[in-house]
Amino acid sequence: MKVDIDLDGNQIGETVAKSYFSVEVAPGKHMLISRAENDSVLEVITETGKNYFVWQEMKMGLLYARNKLQLVDDATGKAGVSECKLIEAAK
């Protein structure tokens with residue numbers, strides 16, 4: 001199942017199982033929304049020169065998959081990325 005991902009009101013692409021995006025953003029407040037059976041919203045306040053990892057958890061819902069976005073630490077994020085395939089984000 002593909003799940004739409006929005007960053008600051010713009011769709012940047014769709015995730016599938018074992019995939020990830022790499023996106024550069026300006027420092028400041030950003031809003032991620034993942035749209036499945038439910039919308040998961042995550043606000044991230046970024047700083048210059050720092051990496052942020054967002055984990056998208058998927059579970060079966062009533063009719064479709066449900067999802068939850070959560071910020072994770074560097075070690076967890078790097079481990080997850082190593083198991084996944086990079087997909088290109090829309091520009």
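Strand 6 gives the most to the lining of the largest pocket, contributing 5 residues. The model is predicted, so that local features need pLDDT of at least 70 and side-chain atom pairs count only at pLDDT 80 or more, while totals for chains, interfaces and linings use all residues. Residues are numbered from 1 along each chain as its sequence is written, and side-chain values use heavy atoms, with hydrogens and water left out.

**Largest pocket**

- The largest pocket has a volume of about 1,300 Å³, a volume being the space filled by probe spheres set on grid points that are joined across faces, edges and corners.
- A pocket is an open set of points on a 1 Å grid over the protein atoms alone, where a 1.4 Å probe fits, with protein on both sides within 12 Å along at least five of seven lines, and lining residues have an atom within 4 Å of a point.
- The lining comprises 43 residues, of which Tyr 20, Phe 21, Tyr 52, Phe 53 and Val 54 lie nearest the pocket centre.
- Elements that each supply at least two lining residues include strand 4 (28-35), strand 5 (39-46), strand 7 (65-72) and helix 1 (74-82); helices (H or I, at least four residues) and strands (E, at least two) are DSSP runs numbered from the N terminus.

- Asp 8, in the loop between strand 1 and strand 2, has a positive phi of about 55 degrees although it is not a glycine.
- Lys 18, in the loop between strand 2 and strand 3, likewise has a positive phi, near 60 degrees, in a residue other than glycine.
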